[in-house]
Amino acid sequence: MDDGGAGWDWWPDGGRTLLVCPAEALDHLVALAGLGPGSWVTATTAEAAFPAVCGERFAVVLVDLPVAGEALASLAGELRIVRQGPALIVVGSAGDRSAVLGRGATGFVTREELTAETLREELRRWTVPRERIGRLVRHVEHQRRVVDTLLEGVVICSPAGRVLHVNESAAQLIGRPAAELLFRPPPLASLELADEDGMPVPPGETATARALRSGRPVEGIVQRMRRADGEWRWIELSVSLLAEPPGTAPYATVACFRDVTGEREAQASHLSAERRRRQLLEHASDGYLVLDRHGRVREVSPSIERLWPVAHLLGVEAATLFDATAATSFRAAVAGTFDGSAAPQRLELRLAAAAAGTGTAGDGPEGRWVEATVSRAPDGDAGDGGGAVVVNLSDVSARVRAERARRFAEDRFRLGFENGTAGMSITALDGRIVEANPALCELLGVTAEQLVGTSASDWIHPGDAADRVSERARLLSGEVDHYRCERRYARLDGGVVWCLVDVSLIRGDDGEPRYLFSQFQDVTERRSHEAALEHRVHHDSLTGLPNRRGLAAFLDGALGRAAASDTKLAVLFLDVDRFKVINDGLGHVAGDTILAETARRLLLGVREGDLVARFGGDEFIVVCEGVVGREDADVLARRMVTLFDEPFDVDGKPIYVTASCGMVVVDGSTSAEVALRDADAAMYEAKDRGRGRVQVFDERLRRAVSERLEIEQALRLALDRGELRVRYQPVVALAEGRTVGVEALVRWEHPTRGLLSPAEFMPAAEASGLVVGIGAFVLEQALDQVARWRAGAFPSIWVAVNLSPRQLSMGSPASACERALAERGLPAEALRLELTESALMDDVASSARMLEELRSLGVAVAIDDFGTGYSSLAYLSRFPVSQLKIDRSFVASIGSDPHAPEIVRTIVSLAQAMGLETCAEGVERPDQRDFVAGLGCRLAQGYLWSPPVPAEALATLRTAPVAPVAPVAPVALVHSGMPAARGTSPADLAAVTDALTPVP
C-alpha cells in the first residue's frame, strides 16, 4: 500500500487474498469458509497495520490460498451467506479479476488501485448493516436446530462444496461422525455412488452438481451409496438451492436423503420372483407350449422360435410335430396328464422331418431331438374352461448326437479291445486287473479268468518291479497322466517276455481318476536283436571274447572294486610272436584258426571271474582280480605262456606258435590307461629279449617309459623350437664312381644331450604320432636343398626321404609329395621315398594303393633294410617299387660272417630277376664295395664315402674322380661333433671327397 502505514507487506510471496467484512460476521464467516487456525489475523493485529480501516469497525481476514482460480471464486461465493452481494475482495492484480467474475462478483479492488481512501470508500459501499447480519445469523441457527430434529439425513453445503452443516441422521447413514464432515467436501461426492444399474456416478453427475448446473432442485433420485465402512445402501436423494433474494445465485445447497434399502430389497425380491417365474417359462428350456384338452397349441413362449415358427403352431395338434413313434407316446402322456392318472412325464422325442427342417441347420442324420416335460398347468385354464397342459421343450439334439457318438466310440473301442493285436488291460486304481483282452492273455500265456482279479504287479519281472512302483506313484499323484517304459513280464509257463508298455490315467467327467488303461507290445525279438548287437559291439566276432570296449568297461569296474576292497589285480598283455609271418605265409584262414584257438586256450587257463579279451590283431589281455602278490600273478602269467607249448592244428598240420607276455600288478589308484600302457611296455620288452617269455613291468621299465614320455614332450617342443636338423649321405653309382643322389636323415640337436640319432627318439615319435610332423619337416627341408643343388653344381641329383608306418596310415603321401614338388618347381624324379618291409606289410591293400599313386606321380619307391622284415615274395611282386636297399647288417658282415655274402648275392639276384635296382647300405671297406659291385649292385652308400653330413659339407666336395679308398671321416665333420667312421683319419678326407662328383 502507499498510505504510509506500518510498512507490513500484506501481499507476501505466497499470494494471500485480503477479505474484508464487518467484525460482527467474522466468526460466522470463518466457520462457513472452513478457515483453520493461522489462516486469519486478529483485529488487534490488523489495527496495528491499518488504523484507518479498522476505525470503521471492520476485521481483516488473511486466507492462506492462491490468488487465482476456483479457490478465490469459491470464497467469493461463501461470503454471500453474510451479505446480499459478494463481499469486497482485494486481489493481487487486475489479472486476478477473472477468478471472481464467474460468480458474478463486482466488488473488487486491485493492488494497483488501492489506497487508504479508496479502501475506505469501498468498505462503506459494501458494508451490511449490523441488524441485517444478526438477523441472518439467527435465522441460520434456527434452521440448524430444525434440521437436526429430522429423521432424514440433511447436509448443507456451500456452492463451492464445503459442508456447512450435517445432522445426526445424515452422519449415521454416511457412517462417519458429524464433526469429521464439517468444513470438508460434501460426503456424497467423496463417497462411492452407483446408479440403479450399478454403474458408477461420476463426480460431475451427482445430484448436487446437476442442481447447481441447472439452477433447479433435483428430487426423488434413487442411487446406491457405499458407506464409509464399505456397506452398500440404497438412498432416495433430493437437493434444494438456497438463494436470497430468490432468483439470485444460490449461496448454499441442501441435500436431503433417506435410507430405502429395505424397500428396494423387498421390491427386488418381488421382481426377482416374477423374473424367475418368467425365466423358467421363457428361458429355462428352448420353449414351452400350452395345450388344451384336445392337445392343440393355445399359447407358446417366444423362445419356441428356436424350434418352430410361432405363427405356424397356434391351433396345431402338438403331436403332429413329432415323428410317428414319438407322436403316439406324446398323445398318451398328454391324455394321462389331463385325466390326472399320471404324474408329470419326461419324454425324449424326435421331431418330424418337416418340422425339424424349420429349425437350426446341421442336425445330422440323427435328426432333431427334444426333451419334453408334460405337466398340468398351474392355473388349470387354457381359455375354454377345460384345463390346460404345459409342455416344456429342450433341444437335446447335441446331447443325443454326443450320446450316440459315445456309444459308437465305446463300440469301436470294444471292438478294438477284443480284436486288437496289442495286449490291453483296464486296471483299477488299487492295481487289480479289471479286464484284459485276448492278446494280453496270449502274451502272458494265461486265460482271462486267471488274469482278471490279480494284481498287475504280480506279472512283472522282479528285476523291473521297482521301476513300476515309482512310475505308478507319479501317475496317481497327478504329476503325469501318461508314461511309457519297457519292462519284462513273467509268463505262466516260466518264460519272460519284454513289453513296451503305455499306461494312461483315465479320468471321469468330474476330473477325478477312474482307472488305468495299459497297452502292451511284445518287443522281445527287438530286445534280443539289441542284446545281440550290444554283444557284437563289446565282443570280438572271431573269438567271442570282449573287445576293447568290453575290456575298458570291465577293467574300470575291476579297478573300482580293487580300490573299494584295498586289493590288487594283474593285467597281462599277450602277443602272438611272428604272427604276421604265419598270416602271410599260411593265409588269413590259418591265422584266424590260430587266434580262435589262442582264445580258447586262454579261457581254459584263467581262473573263474578272470577276464580274457582280444585287444586287437594278435594281442590279448587277461585281467585277474584279487591277486595277493607279484608271485601269484607271475605263476598265472607263466601258465598263460605255457599254453602255447602244444602245437596248433591248422588243416591237419601242426604249427608251433609262441607268445610274449607283459604283466603289471596294480591297485585301485591306477587308471585303466596306465595299466594297459605298462603291460604293453613289458610285452615289448619280452619280445626284445627273445620272445616266448614273460616280462614283469618293473622299476627299470617304468623309468624307460618315463624317459620315453619325457622324450615325447621334449620332441614336441623341438618341432616348435627348430631343433631338428637334416643330414645328407651320398649315394654313389659304383660303375661310374660318382654321386647321383643323397639320403636325407634327421637328427635332433638336443639342448642338453647334444646331437641325437633317430634310434634315440624316432620310436617315441612313431608311438606318439609326432613322426608325421617330423616327416613333413624332413621332406620340406630336403626338397628345398635339392632345389638349390639342382640350380647349382648338381643339376641331376635326387634325394631319398624315409616314410614311417604312421605316415602311410595318415593322409595321402602322393598328394603331399605332389604339392611339395610343385611349390619348388621340381620334377618327380628329384624325389625318392624309402619304406621298410614291415611298413608295407602292415596293410597290404592300402600300401599297394599308395604305391600306385606314387608311381602315377613319377616318384620312385625303394624298400629300405630289405632282408630284415617278414615280407611275402608274392606280395612283394605286386608292389610297384623300383629299388631294394640291402640292409647294412648284411653288407657290414661281409668278410666276417660266411653266410653274409650268400645273403647279399641272393638279394641282388632276386632284385635282378624282378627288374629292380639294388643299393648296398653300410659300405665301409673297399672289399665290401668291390664285392657288391661284382654282383651287379649299381648303387651303394656308407662311411667308405661319407657319413651323413650337413648340406654345406657336400657342397664343398671336390669333383675329380678318384679310385675308391678306405672309409674316412672328413675333418670338418669331426670338428662339428659328428662321429668319425671306423678306420678313418683326417688325411683321407681328400680321397673321400673325390668320389662325390656331380653328374655331368
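Modeller: What follows is a set of questions about labels, each settled by a value and a cut-off.

Modeller: Some ground rules: this is a predicted model, where local features need pLDDT of at least 70 and side-chain atom pairs count only at pLDDT 80 or more, while totals for chains, interfaces and linings use all residues. Residues are numbered from 1 along each chain as its sequence is written, and side-chain values use heavy atoms, with hydrogens and water left out.

Colleague: Which residues make the contact?

Modeller: On the α21 side, Phe579, Ile582, Asn583 and Leu586; on the α22 side, His588, Ala590, Gly591, Ile594 and Leu595. Contact means heavy atoms within 4.5 Å. By class there are six nonpolar, three polar and no charged residues. Here Ala, Val, Leu, Ile, Met, Phe, Trp, Tyr, Cys and Pro count as nonpolar, Asp, Glu, Lys and Arg as charged, and the others, Gly among them, as polar.

Colleague: How do you know that Thr253 is buried?

Modeller: Buried means under 20% relative accessible area, exposed over 50%, and partly exposed in between (1.4 Å probe, protein chains only). Thr253 has 3% relative accessibility, so it counts as buried. This residue is in strand β10 (residues 252-259). Leaving out residues up to four places away in sequence, Thr253 touches Val155, Ile156, Cys157, Thr208, Leu212, Ser240 and Leu241.

Colleague: What makes Phe322 and Phe330 a tilted aromatic pair?

Modeller: Rings of Phe, Tyr and Trp (its six-membered ring) pair if their centres lie within 6.5 Å; planes under 30 degrees apart are stacked, over 60 edge-to-face, and the rest tilted. Phe322 and Phe330 are 5.0 Å centre to centre with 50° between the planes, hence tilted. Phe322, at 4% relative accessibility, counts as buried, and so does Phe330 at 2%.

Colleague: How about Phe644 and Phe648?

Modeller: That pair is tilted too, at 6.0 Å centre to centre and 40° between the planes. Phe644 is buried with a relative accessible area of 5%, and Phe648 is buried with 2%. The count comes to seven aromatic pairs, and ring pairs link Tyr728, Trp789 and Phe794 into a cluster.

Colleague: What stands out about the phi of Asp566?

Modeller: Phi of Asp566 is near 55°, a positive value in a residue other than glycine. Most residues other than glycine have a negative phi. Asp566 sits in the loop between α20 (548-565) and β21 (568-576). Its 71% relative accessibility makes Asp566 exposed.

Colleague: Why does Arg578 count as partly exposed?

Modeller: Arg578 has 42% relative accessibility, so it falls in the partly exposed class. This residue lies in the loop between β21 and α21 and has a positive phi of about 55° although it is not a glycine.

Conventions:
Helices (H or I, at least four residues) and strands (E, at least two) are DSSP runs, numbered from the N terminus.
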